[in-house]
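I opened my notebook for a first look at this fold. Come along, and I'll jot down what I looked up as I went.

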Amino acid sequence: MKRIVWFFVSALVLVFCFQPALAEERGSGDPTGGPWERFQFRIGGYLAALNSDVTFGLGNLGTGIVVNVEDALGLDTSTAIFRGNFRYRFGSTRRHNFLFDYMGFRRDGSKVLGADIDIGDETITVGTTIESKFNFDIFQAGYSYSFFKDDRIDLGVGGGAYVMPIEFSLTAGGKGLVVDESITAPLPVLKLTGDFALTPKWILKAGMDVLYLKISDFEGSIFDATVAVEYNAWKHVGFGLALDFFRAQVKAEDDDSYPGVDFVGNIDFGVSGLM
């Protein structure tokens, strides 16, 4: 968290340091002033570090299964994934923004257990080979309004929704399928966005989505923060580098406690990386 705050503070310092350079050149991407394009489509490779804790069966399986899927099940702690997003500024002043983002994780693992694992009334003993799958997609759509916008700064606030299809399965050698769960959890978020023109070609972008929601026996939270620097080398093509931190927690004590959540348990999924 301290690192994220430091990134935002550094961004503001850079903005004001580069203002003299910006004053000498004005962007032509936006007739309302500044380099704010009407459309932007970004795709990139994402080098991610992952940390996931999964608990299934808090109710119908007694104590359930509680594992860190990277350590206990042999899933990769780092991976390269695809991420893409789209932004559309509309209206005569381009203050209205539609945003869409996607990233997905596909992971399979195999490991020989070094310690017993209890799953309800069953015990999977040392030496058993565990085959596991943990797939996680993140779809996010939202709207933001630029409450402050000129040719240097575009600050927005809005809302959106995350839909996170999750698949988790675990098979123990000789015992067949032990756990097989799937979740699609739509969760609303508050969005904050900030774009800063360091020069007409160099753009600093920052964004943060936050959520905490508790309804009946369901509890969910999301924190997603990104800081990116982009260089618009040509009129319609640029490149950049981004740091991203994402964490989602979903907990359900009843499989009917929230729409799209049909499991009993807890998922704590964290990813940070470079895009």
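**Entry 1**

I began with Q40, which counts as buried at 14% relative accessibility (buried means under 20% relative accessible area, exposed over 50%, partly exposed in between, with a 1.4 Å probe and protein chains only). Before going on, I noted that this is a predicted model, where local features need pLDDT of at least 70 and side-chain atom pairs count only at pLDDT 80 or more, while totals for chains, interfaces and linings use all residues. I also noted that residues are numbered from 1 along each chain as its sequence is written, and that side-chain values use heavy atoms, with hydrogens and water left out.

I found Q40 in strand β1 (helices, H or I with at least four residues, and strands, E with at least two, are DSSP runs numbered from the N terminus). Which residues is Q40 in contact with, leaving aside its neighbours within four places in sequence? I listed N85, F86, R87, K205 and E230 (contact means heavy atoms within 4.5 Å). With E230, the side chain of Q40 also makes a polar contact of 3.3 Å (a pair of N or O atoms within 3.5 Å; within protein, one must be able to donate a hydrogen and the other to accept it, and residues adjacent in sequence count only if both atoms are side-chain atoms).

**Entry 2: Salt bridges**

E230 is buried at 9% relative accessible area, whereas R42 is partly exposed at 25%.

Next I looked up D244 and R83, whose side chains meet in a salt bridge of 3.2 Å, N to O. D244 belongs to strand β12 (residues 239–252) and R83 to strand β3 (residues 78–90), so the bridge ties together parts 161 residues apart in sequence. Both D244 and R83 are buried.

How many salt bridges does a search of the whole structure find? My count to copy down was 13.

**Entry 3: A nonpolar patch**

On the surface I found a nonpolar patch of Y143, Y145, F147, F148, V157, L190, L192 and V210, with about 660 Å² of accessible area together. (Patch residues have over 30% relative accessible area and no salt bridge; like charges are joined within 9 Å, nonpolar side chains, Val, Leu, Ile, Met, Phe, Trp and Tyr, within 5 Å. Accessible areas come from the Shrake-Rupley method with a 1.4 Å probe, and for residues only the protein chains shown count as cover.) Strand β7 gives the largest share, four residues. F148 lies in strand β7 and is partly exposed at 38%.

**Entry 4: The whole chain**

Last, I noted three helices and 13 strands in the protein chain. Of its 275 residues, 45% count as buried.

Technical notes:
Salt bridge = Lys/Arg side-chain N within 4 Å of Asp/Glu carboxyl O.
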